[in-house]
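Morning, everyone. Please have a look at the chain on the screen before I start.

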Amino acid sequence: MIDSPEHTQIEYGVYVPSEAEAMTELLSEVFTRHDPLAVAAGVTPAEFELFVRALAPKAAEEGLTVVARLADTGEMAGVLLTEDAASAVADGMKQLSEKFEPIADILGQLVTEYRAGQTPGHGEVLHLYLLGVSDRVARRGVGQQLVATCIENGARRGYRVAVAEATNKVSQHIFHKLGFIPRVERSYREYLFRGRPVFQAVAEAGGPVLMEKSLIPSPPTASGVQEGAPSRG
């Protein structure tokens, strides 16, 4: 008897170039079905595939993206596409559908306000870009483990801060549980793109939130306990 995905062990590791097609298919399926921005903008799987393919070479080069794989088959079950926040815009972005324009605009507003004129240096800020988990392994904590694995990998590489634009309540909950702090928010209901309320259809999702987590361990206090660490009463 073959175990179903619900019972198969899941392994986590750094993305490798041979997984480009699997990553493209998974993220395209998940985002066009579940991401408020992609759904409201009417982005098709084929259009989203072009977006992911433009990002794949940089993901392979930087070694910051992590994936979840079913242990028995190696099938990709989840991915957190991650980049150095200071890296250049990937080639191919200008060829994307115009449907991505309001998405880029609202998320760009978050980043601009957060940076407040400051530009991160290479190797400083880890940008958690696209988090997607297959419906086949839903409710198994895969998203949370992907984020945890990603920030551990980034911290080992010397990154000092992790940031993410969480676009729905599920991802916001995951990041919050792992210690990310909201820094900048926008409202889908109130946002206008060229005078049009393009995200009104997903207003119940609230809005995107840029969240931040320091990857630098807190120094110990006089009592020997790290600041912010849980203590036993």
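I will go through confidence, then aromatic pairs, then salt bridges.

This is a predicted model, where local features need pLDDT of at least 70, side-chain atom pairs count only at pLDDT 80 or more, and totals for chains, interfaces and linings use all residues. Residues are numbered from 1 along each chain as its sequence is written, and side-chain values use heavy atoms, with hydrogens and water left out.

Confidence comes now. pLDDT is the predictor's confidence in each residue, from 0 to 100. The chain has a mean pLDDT of 91. Of its residues, 90% reach 70 or more. Where does the pLDDT fall below 50? That happens over residues 225-233. Beyond near neighbours in sequence, this stretch has nine contacts in the model, a contact being heavy atoms within 4.5 Å.

Next, the rings. A pair of aromatic rings is described by the distance of the centres and the angle of the planes. Rings of Phe, Tyr and Trp (its six-membered ring) pair if their centres lie within 6.5 Å. Planes under 30 degrees apart count as stacked, over 60 as edge-to-face and the rest as tilted. The whole structure gives eight aromatic pairs.

Take F48 and F100. Their centres are 6.1 Å apart, with 40° between the planes, and the pair is tilted. F48 sits in helix α3 (residues 45-62) and F100 in helix α4 (residues 100-115). That links distant parts of the chain, 52 residues apart. Helices here are DSSP runs (H or I, at least four residues), as are strands (E, at least two), numbered from the N terminus.

F48 has 4% relative accessibility, so it counts as buried. F100 is buried too, at 10%.

Now F51 and Y129. Their ring centres are 6.0 Å apart and the planes stand at 90°, so this pair is edge-to-face. F51 is in helix α3 and Y129 in strand β4 (residues 125-133), so the pair ties together parts 78 residues apart in sequence. F51 is buried at 8%. Y129 is partly exposed at 23%. Put together, ring pairs link F31, F48, F51, F100 and Y129 into a cluster.

On to charges. A salt bridge is a side-chain nitrogen of Lys or Arg within 4 Å of a carboxyl oxygen of Asp or Glu. How many salt bridges does the structure hold? Eleven.

One joins R194 and E101, with the closest N and O atoms 3.0 Å apart. R194 is in the loop between β6 (181-185) and β7 (209-214), while E101 is in helix α4, 93 residues apart. R194 is exposed at 65%. E101 is partly exposed at 34%.

Another joins E113 and R186, at 3.0 Å from N to O. E113 belongs to helix α4 and R186 to the loop between β6 and β7, 73 residues apart. E113 is partly exposed at 45%, and R186 is partly exposed at 25%.

Then there is R183 with E212, closest N and O atoms 2.8 Å apart. This pair links strand β6 to strand β7, 29 residues apart. R183 is partly exposed at 45%, whereas E212 is buried at 16%.

Last item: E21, E49 and R53 are linked in a network of salt bridges.

Technical notes. Buried < 20%, exposed > 50% of the residue type's maximum accessible area, 1.4 Å probe, protein only.
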